[in-house]
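Open the model in your viewer and get ready to select things one at a time. Each stop says what to pick and what you will find there.

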Amino acid sequence: MASGKRKETALLAARAGRYREYAPPPPLRRHFSRLWSHALHNGPPAMLAIVPDGYCDLLWIDGRLVVAGPDRTAAFPVIQPGATVIGARFAPGAAAPWLKTPLSALVGCSVPLADIGRKDTPEFEARLADCPDLSATMALLGRLLEEAARDAEEPARDAAMIFAAADGGRPASGLLDRLGMSERQLRRRCHHHFGYGAKTLERIRRFQRFLDLCRKSGTMPLARLALEAGFADQPHMTREAGELSTLTPAVILDQLGMRKRAD
């Protein structure tokens, strides 16, 4: 019963408040794919579903810098209404060398950055806490990350190639010759840089393609959405959506579709 109730009441985080993305400054673009802010609406608390996307993020939330590791399935964090979260999304292949931690150790976890061992964390947190408003906090976070980037290891190019293949609907196994690695080595690299294997990453990126299509569509039938996203058929999409988000495709389309946003 609890599972069924969750499917009816969970609200995709993208629908809860005002979410904005920003291109990172040029010195950060090797390490971070985007900066973002998410200001939640005031009002009664809702059950928020944060669905997996294959990324790892650095968050400024509740006065702390926190690493949000990659998820296999939807997370349902408790975030106070009216709160604002600021984030920096690591580029594929950048998080593990930056954090000096394999992402397999962070799957499904939110860990204070200080606990991972970055010695500059208390100083960064103190400076961010003194910012008077959101724009100042965003600007300072970018500058602090630029400072840290000077000593950061370069992102792993093979991980970026694996992510790009999954994002484009191509199996990572097709890259083995280009990457010069075996299936076993591919599995280890994926667990190190994404937290899980290539097949799971491919499932998650296919689900994200479905979400993108939902945001652009108001009238496309679910069967067509399934094929456009790369699912075998509509039942396949329904199973995957349920496992990754606890929501049905119809509920997701209702929350993200253009008609809903226009309302």
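**Before you start.** This is a predicted model, in which local features need pLDDT of at least 70, side-chain atom pairs count only at pLDDT 80 or more, and totals for chains, interfaces and linings use all residues. Residues are numbered from 1 along each chain as its sequence is written, and side-chain values use heavy atoms, with hydrogens and water left out.

**Stop 1: the whole protein.** Show everything as a cartoon. The C-alpha trace spans about 55 × 50 × 35 Å along its principal axes. Of the 263 residues, 49% count as buried (under 20% relative accessible area, with exposed over 50% and partly exposed in between, using a 1.4 Å probe and protein chains only).

**Stop 2: colour by confidence.** The mean pLDDT, the predictor's confidence in each residue from 0 to 100, is 91, and 94% of residues reach 70 or more. Now select residues 1-7, where pLDDT stays under 50. Where pLDDT is low, the predicted coordinates should not be read in detail.

**Stop 3: the largest pocket.** Select Ala-13, Trp-36, Ile-50, Asp-53 and Arg-89, the closest to its centre among 46 lining residues. A pocket here is an open set of points on a 1 Å grid over the protein atoms alone, where a 1.4 Å probe fits, with protein on both sides within 12 Å along at least five of seven lines; lining residues have an atom within 4 Å of a point. This one holds about 1300 Å³ of space, a volume filled by probe spheres set on points joined across faces, edges and corners. Which element gives the most to its lining? Highlight H9, which supplies 5 residues and runs over 198-216.

**Stop 4: the second largest pocket.** Move to Leu-40, Pro-44, Pro-45, Ala-46 and Leu-48, which lie nearest the centre of this pocket. Its space comes to about 220 Å³, and 18 residues line it.

**Stop 5: Val-51.** Select Val-51 in the loop between E4 and E5. Is Val-51 buried or exposed? Val-51 is buried, because its relative accessible area is 14%. Beyond its neighbours within four places in sequence, Val-51 is in contact (heavy atoms within 4.5 Å) with Leu-12, Ala-74, Phe-207, Gln-208, Leu-211 and Ser-245.

Methods: Helices (H or I, at least four residues) and strands (E, at least two) are DSSP runs, numbered from the N terminus.
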